[in-house]
Amino acid sequence: MARIQLENITKKFGKVTALDGISLDIKENEFFVLFGPAGAGKTTILNCIAGIQMPDEGVVKFDGEIMNLVDAAHRDTAMVFENYALYPQMTVYDNMASPLRSKLYKRDEAYIKQKIEEVSKMMKMDHLLQRLPSQLSNGQKQRVAMGRALVRSPRVFLMDEPLAHLDAKLRNAMRTELKEIQVNFGTTSIYVTHDFMEAMSLGDRIGIINKGKVVQIGTGDAIYYMPCNEFVAQLMGDPEINLIPGRLEKKDGGYTFTMQEGGRTYVLPKDKDLFAKFDQLGASAVDMGLRPQNLKYSFTPQEGYLKCTVYSYESIGNKSVIVAEMGGQQLRMIAPNGLHVKIDQDVYVDLMLDHSMFFDAGTKVYQSRYNEAEIKAVAKWED
Amino acid sequence: MKTNKSLLGSIVQNVLLVIYAVFALFPLIWMVILTFKPDAEIYTTTFVFHPTLNNYRVVLFETDYLRYLRDSLIVSAGAVAVSVLAGVPAAYALARYNFKKKEDIAFQILSFKFAPEILVVLPLFMIFQKLHIYDSYFGLIWVYQLISMPLLIWVVRGYFEDISVEIEHAAEVDGYSWYQIFFKMLLPLIKPGLVSAALLAFIFAWNSFTFPLILAGTNVQPITVAITKFLGTGSAHYGQLAVAATLSALPAIVFALCIQKHLVRGLSFGAVKG
Amino acid sequence: MAGLTIKNLYKRYDNSGKKKNVQNDYAVKDLNLVAEQGEFIALLGPSGCGKTTTLRMTAGLEEITKGEIYIGDVLVNNLHPKDRHIGLAFEDYAMYPPLTVYDNIAFNLKAKGVDKAEIDRRVREIAPLMQCDDLLDKMPVKLSGGQKQRVNIARAIIRRPELLLMDEPLSHLDGKARQAMRTEIKRLINEIKCTTVYVTHDQLEAMSLADKIAIIDLGVLQQFGTPAEVYDDPVNEFVASFIGEPPMNILETTIVGESDHFLFTFENSNLRIVVPERYNNVVSNGFKCKVGVRPMDVLIGGADSKGSPEKVATFENLGDERRIGIHVGETLLMLITDDETRYKAGDIIKLEVRGEKTHLFDLKTGERIRER
């Protein structure tokens, strides 16, 4: 168990800058998720911590001790690889025993046996121990890879997209399972993923990485409710957040929001802090961000609802998404499965404005939102 | 109806295969028959003759045949050993590291096998004379690298490339040093390739004729060159020649059978995502 | 344009000489399907269930062992694929690499000898529909996966087929491209109103695209119905667990009779759920079966709830929703809630279940037990 610090890590591959001044401070015993799109540099960060790759610049510290010159074997980390990297010539048992049989972390066979039994029971794979990796399904390989890392008590536990190659159902089930055994880790853990559900579910804190840079760090709630820019807002949530361009105008001591598409004007419900923030900005072009669950729909005309047409109606599992279209503006919202919705039929949409957040239309940077103070409290916001 | 048809099909298939096998093996069979024929019956083409082991006795006990065999063994095994020791690290480097002109170097190594031996053997002869390694084990083992090394490097490199680099990383994180990783993790995975490449290299070295003919001949006499001695100026003892040839072909045949078993790949599959 | 009728369709692969001990190895077994004119049908099932075989038999690429296939009123069993008036879009984008996108799309019409002006008119008409008008001069190698699939579909629909057959056209695409293409296909079919059979193993695709879904397992049709029907009214355990994500909770239960009602009880668990009254005629004290309920239909009761108090095993805050797992014996019962409370493992919540949304399944056969 250790505190992991990265200071200004830069890593280039030829002319490509993979990491550009990454600084992270991961607390002892924390489950930290690195989240971002493919190619953001997440795996490279993990490799730098494990000692598989050397940063060109910057310092990697474990508990304040600089580790740059310590090779991977001596860093006392355990890692789960995206492609599992099981030793093909060894049985599952021997794969799991391998870290405890190496010179550095050597334990006697009785201890190894007991430890493997304990871990394999926890991972529900005790019946697999005598098999070879080639005889396992992807889900089982994933368990073994995880189990091999869990038999040791390393200073830090590194996981690189361990669920990425599983199909959706298995991935969700494994994520829940992982959540359940997470409490038994008792180790600082760093988990790389491009799946926002994994990030939200597992992470004590999440670090959003994009193009080799840290974009935002915070709890899942903090990032979900107060994303630092539109990129992060779109990353968190499926279906994606609705971004509605428009203009803010001060009127009668309050504010109105006029949609760019269609020109509909909404009187914004009062929120003192929010309006104070608007006062600072002056009247300006903003993008309103509204999560799909904060839109209401009706198939009959309703007072104050916006008239749109259905662009699509698609299932996302236990519920469905209606995409409504009004001119060039698309609006996503949640609906139950199995409705009889026809494409291009009329649908009436209401915005629950008191759940909205606002981004600068030019820089796409987060400005403010409704109930910011309350949300900061729930989200354990750190400045 | 269907089963009858497939039965007939397999009979026809097998008959054809037997015919082909006889055709392909006929020279070998003829050679083995010759070894049991007395000199007087060598030229008769009938299969009825008076079998004798006399040819074997003469070759094994009245000539230096065993010495030649030993020489062949030393140079071939030596050549393969050197190839393995130098070639496996080279193959690893070519598979794993990125350096300038990597592919050019790899191709250069392969290209050693392109030139006919006879083309380079004369300059080599001059060089060997100057270096005083003419007609020595060392000299032959050295020059045999042209035969065995490219083969070994190319086969083993392919095997290394098939092993995902994460397996090495995983072992490293598990606390193994590089040498331990190499012997515990990598070697078992490349073994099928390494063994078959080494055996093939051994066979090629064993069968090599041009190099030992020109670059050796008195102190060191591999079997391929020595066999020609049985073609005396006046009389050709074809029976003895056949014995020598048969015996010298044996190791190659045995090894070839061994390789067959090892050529089964697939051990490296299934370790990473499917 | 025409409908599709499949009657008692069988397919058996000749395995003589290979696996002699396999009996009844039907890839497709007694399949009956009717697609009305203009309907979008999805064939859904796990890999190897026979859905692709069915599609290939419909296309004429595979021999029919037994049964009849009609396109419109025409029995097509013995018709050559080119005479069946079908359009095909397969998983692999088999495009002709030396031809431009334009020529690829036009290839079929050229082969039929349609005159040049007409071909040009039709290509220019289809291209904007599939958003590939600016790709027409490109070579196939220059296209991205999504673009290739668009061209592929354009090629299938340009001959104005009576029946459009698609086999996992999205399986090579990932994430957002896949979702976007799915929407495009749906809108396109809606526009050209062509009878379509779509093969997929992804239940979300089937749920999103199809007017009706045929769920197939082991060569046998399990259920054929609208997305709402297969979701809310599954005929057996297989369909119930195949449709929906996360899947329906299905638990083995023993019914216990109380004074005026029955209870679902579970091994190694204190959970008690009242059996909805409509099942009173089919259950009895000690009756064993499986009970299924979707995660959305398990609710957290308020302070005065009569629901069983249960310990939270997992709590996952996913932003858009929260998922809670509760141990019922060996299985993890999942529930999905919009409730904003942040629970943690070990918290006690009261469990309630929407009685009208529970389904009973036979313990052995997995068949649905319906109320009488």
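User: Let us begin with C:Glu118. With which residue does C:Glu118 form a salt bridge, and how far apart are the closest N and O atoms?

Analyst: Please keep in mind that this is a predicted model. In it, C:Glu118 forms a salt bridge with C:Arg121, and the closest N and O atoms are 3.4 Å apart.

User: Where do C:Glu118 and C:Arg121 sit, and how many residues apart are they?

Analyst: Both belong to helix α3 of chain C, which covers residues 116–129. They are three residues apart there, so about one helical turn separates them.

User: How exposed is C:Glu118, and what about C:Arg121?

Analyst: C:Glu118 is partly exposed, with a relative accessible area of 23%. C:Arg121 is also partly exposed, and its relative accessible area is 42%.

User: What about C:Asp233? Which side chain does it meet in a salt bridge?

Analyst: The side chain of C:Asp233 meets that of C:Arg368, at 2.8 Å from N to O.

User: Are C:Asp233 and C:Arg368 buried or exposed?

Analyst: C:Asp233 is partly exposed, at 31% relative accessible area. C:Arg368 is buried, at 14%; the cut-off for buried is under 20%.

User: Going back to C:Glu118, which residues are in its salt-bridge network?

Analyst: Salt bridges with shared partners join C:Glu118, C:Arg121, C:Arg122, C:Glu125 and C:Arg160 into one network.

User: How many salt bridges are there over all chains?

Analyst: A search of the whole structure finds 49. One salt bridge is between the side chains of A:Arg175 and C:Glu316, at 2.5 Å from N to O. A:Arg175 is in helix α5 (residues 168–181) of chain A and C:Glu316 is in strand β17 of chain C, so this pair joins two chains. Both A:Arg175 and C:Glu316 are buried.

User: That brings us to the interface. How much area do chain C and chain A bury between them?

Analyst: They bury about 3100 Å², with 45% of it on carbon and sulfur atoms. On the side of chain C, the residues that lose the most area to chain A are C:Arg187, C:Glu245 and C:Asp320, which together account for 22% of what that side buries.

User: Why is an area quoted for an interface?

Analyst: The accessible area lost when the parts come together is often used to give the size of an interface.

User: How many residues take part from chain C and from chain A?

Analyst: The contact takes 39 residues from chain C and 35 residues from chain A.

User: Now chain C as a whole. How many helices and strands does chain C have?

Analyst: Chain C has eight helices and 22 strands. Its C-alpha atoms fill a box of roughly 80 × 50 × 40 Å along the principal axes. Of the 372 residues in chain C, 51% are buried.

User: Is helix α1 of chain C enclosed or open?

Analyst: Helix α1 (residues 51–59) is largely enclosed by the rest of the structure, because seven of its nine residues are buried. Among those buried residues are C:Leu55 and C:Met57. C:Gly60 follows α1(C) and has a positive phi, near 90°.

User: What does C:Thr53 touch, leaving out residues up to four places away in sequence?

Analyst: C:Thr53 touches C:Lys11, C:Tyr13, C:Ala27 and C:Val28. C:Thr53 is itself in helix α1 of chain C and counts as buried at 11% relative accessibility.

User: Finally, chain B. Which residues form a nonpolar patch on the surface?

Analyst: The patch consists of B:Leu7, B:Leu8, B:Ile11, B:Val12, B:Val15, B:Leu16 and B:Ile19, with about 670 Å² of accessible area together. B:Leu16 is found in helix α1 (residues 2–35) of chain B, and B:Leu16 is exposed, with a relative accessible area of 54%.

Key:
Residues numbered from 1 in each chain as written. Chains lettered and ligands numbered in written order. Predicted model: local features only at pLDDT ≥ 70, side-chain atom pairs only at ≥ 80, totals over all residues. Heavy atoms only, no water. Patch = residues over 30% accessible without salt bridge, like charges linked within 9 Å, V, L, I, M, F, W, Y side chains within 5 Å. Areas by Shrake-Rupley, 256 points an atom, 1.4 Å probe, with all protein chains shown as cover. Salt bridge = Lys/Arg side-chain N within 4 Å of Asp/Glu carboxyl O. Helix = DSSP H or I, 4+ residues; strand = E, 2+ residues; numbered from the N terminus. Buried < 20%, exposed > 50% of the residue type's maximum accessible area, 1.4 Å probe, protein only. Contact = heavy atoms within 4.5 Å. Buried area = accessible area lost by both parts, 1.4 Å probe.
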